[in-house]
Every structure is written in structure tokens, then in C-alpha cells.
Amino acid sequence: MTDKTREKIENDRAFQNEKIKYIAGVDEVGRGPLAGPVVCCAVIMPLDDENAVDGVDDSKKVSEKKREALYDILREKAIACKICRVEPEEIDEINILEATKKCMKMCVEGLGVKPDLVLVDAVKLDVPVKTEAIIKGDAKSYNIGAASIIAKVFRDKLMEEYDETYPDYGFKKNKGYGTKAHIDTIKERGICPIHRKTFTKNFSAEEGRN
């Protein structure tokens, strides 16, 4: 186990006591894109040395190839894991922050094992479990980092599937984010059914023709 991994695990272990055994990490992916859902993951990872998974970190700091390899290992080793999503229509209706909170709450409440503590990356959650919001938590907490990677890989694969249905927008490459090519396509062709209307209203006032 690397020192970096050990530090993250020990950060989570520090919360454990006679009343706190199972610690869940929660994180989201997809708050900023112009298209696709926001995806959240809640995961309870074992914190013993024997089951430690090296390389867990903020998903943005991990290469795509490494994330995909870690995804399978983390899902296999997890004590409990839940992935949820909130679709563009609801994001438009309730706003992205509320959609993110709802998504995270669904994940926590959907875990097969009830956590004694929830660690979340910088968002305050209204859940019936003790929570700790940690600034830059995906870089400090082993469980939040694991949740970050699982959510990222799940959403990326989802956007790649959408690319097959709506090939004009480059979702396989941009994952729904507002690259220049993506925005130029919206201006030219309008939006498609998975675009967030509240995010794209400055680029296009028309429905897509796809």
C-alpha cells in the first residue's frame, strides 16, 4: 500500500469508534455538463489493510485507463455500493444543486448496508445518518475518492452510450461538457433530448432536430 493510500484510509479510520463501524463516502459527477444526468455514488469500503485498493483519489486526478481498472476492483471489494442519477428534465426543474443533493440522498438511503457515518464532498445532506462534509473530500477520504471514481466511470460509459444515439454532439469525447465543438453544434443544430435546457438556453432557443 502506498503512503498516499494509507493516509486516505487512516483519515477515514479516524472517524471510527464503538458507535461508528460502517463509513460511507458520497460524491457526484456531472454538475457542470450541458447534457446528461448528474450521477452520484455512495460506497462503503472496507478500511483494513488487507482489502486496501491502491490508487484511489479524486477521479479528476486519475487517468481514464486507471479509473476503469479501479472501478471493477472497487465494486468487487465494496461492502455496499449504490449509484443513482437525476435526469436533465429534473435538473431543469429543481436546479443542479438540489438535483445533486437529491441524488446523493437516494444513494445513501439505497445502500444495502446502513452506514453509521456519511462522508460527503463539500455538500450538506439531509439524511437520517450522521454526516461530515469535507472540503476537497475526494482527495482526502478513501471512501469519497472511491465514490468519485465509481460515479465518474459509470457516467462516462453512459455518455458514450448516448453518443451512439446522438452522434452529432461528440458525447463520447466531451461527456456532455461545454467544449467549443459541442457548443458550436448546439448553435447549428439545436439541442437533443438529453440536453439541460437551463444550461443551453444561451446557445440555442430551439429543440434539436435529431
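**Sheet, cores and surface of a predicted chain**

Strands β2 and β3 run antiparallel and are joined by seven bridges; two strands count as paired if DSSP finds at least two bridges between them. Within this pair, C40 has C84 in β3 as its bridge partner. The model is a predicted one, in which local features need pLDDT of at least 70 and side-chain atom pairs count only at pLDDT 80 or more, while totals for chains, interfaces and linings use all residues. Residues are numbered from 1 along each chain as its sequence is written, and side-chain values use heavy atoms, with hydrogens and water left out.

The chain contains nine helices and five strands. Helices (H or I, at least four residues) and strands (E, at least two) are DSSP runs numbered from the N terminus. In sequence order, the elements follow the pattern α-β-β-α-β-α-α-β-β-α-α-α-α-α. The C-alpha trace spans about 60 × 35 × 25 Å along its principal axes. A compact globule of 210 residues would have a radius of gyration near 17 Å, and the 18 Å of the chain agrees with this. That radius is taken over C-alpha atoms, and the globule rule is 2.2 Å times the number of residues to the power 0.38.

The five strands form an open sheet with mixed pairing, in the order β3-β2-β1-β4-β5. In general, strands of a sheet pair through backbone hydrogen bonds, either parallel or antiparallel. At the edges are β3 (80-86) and β5 (131-134), each of which pairs on one side only. On average, neighbouring strands of the sheet are turned by 20 degrees against each other, direction ignored. Axes are lines fitted to C-alpha atoms, for helices over the stretch in contact, and angles run from 0 to 180 degrees between N-to-C directions. Strand β1 pairs with β2 in the antiparallel sense over six bridges, and A24 stands opposite I44 in β2. With β4, β1 pairs in the parallel sense over four bridges; here I23 stands opposite L117 in β4.

Strand β1 is largely enclosed by the rest of the structure, because seven of its seven residues are buried. Buried means under 20% relative accessible area, exposed over 50%, and partly exposed in between (1.4 Å probe, protein chains only). I23, G25, D27 and V29 point one way from β1, whereas A24, V26 and E28 point the other way, and all are buried. Helix α6 lies across β1, β2, β3, β4 and β5, and runs at about 35 degrees to β1.

The largest nonpolar core has 28 residues, and those with the most contacts inside it are C41, V43, M45, L74, Y142 and I150. A nonpolar core is a set of buried Ala, Val, Leu, Ile, Met, Phe, Trp, Tyr and Cys residues joined through side-chain atoms within 4.5 Å. Two or more residues of this core come from each of β1 (23-29), β2 (38-44), α2 (64-77), β4 (117-121) and α6 (142-165). Helix α6 gives the largest share, eight residues. Apart from residues up to four places away in sequence, L74 touches M45, V53, V56, A146, I149 and I150. A second, separate core of 23 residues includes A24, V38, I96 and V108.

K77 is placed in helix α2 and is partly exposed, with a relative accessible area of 30%. Leaving aside neighbours within four places in sequence, K77 is in contact (heavy atoms within 4.5 Å) with M45, P46, N51 and V53. The C-alpha atoms of K77 and I44 are separated by 9.4 Å, although these residues lie 33 residues apart along the chain.

Most residues other than glycine have a negative phi. K136, in the loop between β5 and α5 (137-140), has a positive phi near 55 degrees. K175, in the loop between α7 (171-174) and α8 (180-189), also has a positive phi, of about 55 degrees. K136 is exposed, with a relative accessible area of 61%, whereas K175 counts as buried at 10% relative accessibility.

Across the chain, buried residues make up 49% of the 210 residues. Of the contacts with a separation of 6 or more, 64% are between residues 24 or more positions apart. The accessible surface comes to about 10400 Å², and 47% of it belongs to carbon and sulfur atoms. Accessible areas come from the Shrake-Rupley method with a 1.4 Å probe; for residues, only the protein chains shown count as cover.
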